[in-house]
Amino acid sequence: MASKSASELRAETETQGHALQEHITTTENNFSKVMQDFAAISRKTGKLRDKCDLLSRSLNDFSTSEAPSVKAALSGCAECFSGLEDYRETLVARLESKVIHPLTEYGSVCKKAKDELRMRKSALDREVAKQRSLDRVTTREPADANKKRQARQEVSKARAESARTQRAFEDHMISFERKKIRDIQSVLSEYIQAQMVFHAKALELYTVAFKNNVLSIDEPGDILHFRHRMNIKSDAEEQQQEQEPRSRHVSGEQP
């Protein structure tokens with residue numbers, strides 16, 4: 001089989017190198033964007049946790065001036081909301097350690113892949129240069145057997161080194177791609193599971209808050225408590241109070 005010319009090797013180098021460079025760069029950019037989005041979610045979740053903690057304290061403060069059933073509902077909901085924020089704190093910590101941190105490593109992972117690509121390109125460039133030297137000797141000095149033999153040896157050596165570098169680079173790129181796939185799977189799994197755990201606890205605590213606290217509010221009882229506290233009589237109490245003087249008057253007129 002005829003060996004490739006210098007121009008063919010150069011074209012192959014540039015085409016393959018461009019495709020691999022683009023793949024690595026695209027991977028790096030995509031991971032960077034996803035990391036930024038996950039980090040933004042984590043920050044927003046942390047801020048929401050802080051706001052919900054403030055809400056819990058406000059509900060507790062609110063409860064101190066309310067009638068018994070509303071007081072119990074407010075304080076009970078505050079406890080449930082506060083408990084949920086402990087789980088939200090765990091969610092933030094899990095996002096930071098299991099989702100965001102692995103993604104931050106992709107800058108160095110992609111840098112190493114680019115370094116490997118440059119090493120591969122250098123080896124191919126050397127092979128191309130040696131092939132050009134052989135082509136020049138063959139064209140300009142076809143009768144010089146020594147130079148042709150030496151040039152062929154140098155081409156053979158450069159080609160062997162290029163092949164070795166190519167195999168190493170291909171192995172590295174397979175490992176790179178395998179790591180990328182596994183990391184995507186791991187990051188998505190961690191994120192989804194963390195959210196599922198949090199929302200399961202949220203559903204549990206909100207159910208408790210709704211059934212045991214909100215639905216337990218006793219409006220008539222609290223209205224009665226409010227009337228007594230504010231000395232506001234009901235219509236029945238006013239009628240009874242109006243009837244008492246007449247009853248005493250009637251009883252006083254009897255012989």
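The structure is a predicted model, and the mean pLDDT of the chain is 86, with 85% of its residues reaching 70 or more. Confidence is highest in helix α2 (residues 68-104), at a mean of 96, and lowest in helix α6 (residues 235-253), at 61. Where pLDDT is low, the predicted coordinates should not be read in detail.

**Nonpolar cores**
- The largest nonpolar core holds 25 residues, and those with the most contacts inside it are Phe-38, Val-99, Met-173 and Phe-176.
- Two or more residues of this core come from each of α1 (6-63), α2, α3 (106-140) and α4, and α4 gives the largest share, nine residues.
- Leaving aside residues up to four places away in sequence, Phe-176 touches His-23, Thr-27, Val-109, Cys-110 and Ala-113.
- A second, separate core has seven residues, among them Leu-74, Cys-77, Ala-78 and Ala-209.

- Thr-165 lies in helix α4 (residues 145-213), and it counts as buried because its relative accessibility is 9%, where the cut-off for buried is under 20%.
- Apart from residues up to four places away in sequence, Thr-165 touches Met-119, Arg-120 and Ala-123.

**Helix α5 and its two ends**
- Helix α5 (residues 219-230) has twelve residues and spans 16 Å from its first C-alpha to its last, close to the 16 Å expected at 1.5 Å a residue.
- At the start of α5, a side-chain oxygen of Asp-218 comes to within 3.2 Å of the backbone nitrogen of Gly-221.
- After α5 comes Asn-231, whose phi is positive, near 60 degrees.

Methods. Residues are numbered from 1 along each chain as its sequence is written. This is a predicted model: local features need pLDDT of at least 70, side-chain atom pairs count only at pLDDT 80 or more; totals for chains, interfaces and linings use all residues. Side-chain values use heavy atoms; hydrogens and water are left out. Helices (H or I, at least four residues) and strands (E, at least two) are DSSP runs, numbered from the N terminus. The expected span of a helix is 1.5 Å times one less than its number of residues. A polar contact is a pair of N or O atoms within 3.5 Å; within protein, one must be able to donate a hydrogen and the other to accept it, and residues adjacent in sequence count only if both atoms are side-chain atoms. pLDDT is the predictor's confidence in each residue, from 0 to 100. Buried means under 20% relative accessible area, exposed over 50%, partly exposed in between (1.4 Å probe, protein chains only). Contact means heavy atoms within 4.5 Å. A nonpolar core is a set of buried Ala, Val, Leu, Ile, Met, Phe, Trp, Tyr and Cys residues joined through side-chain atoms within 4.5 Å.
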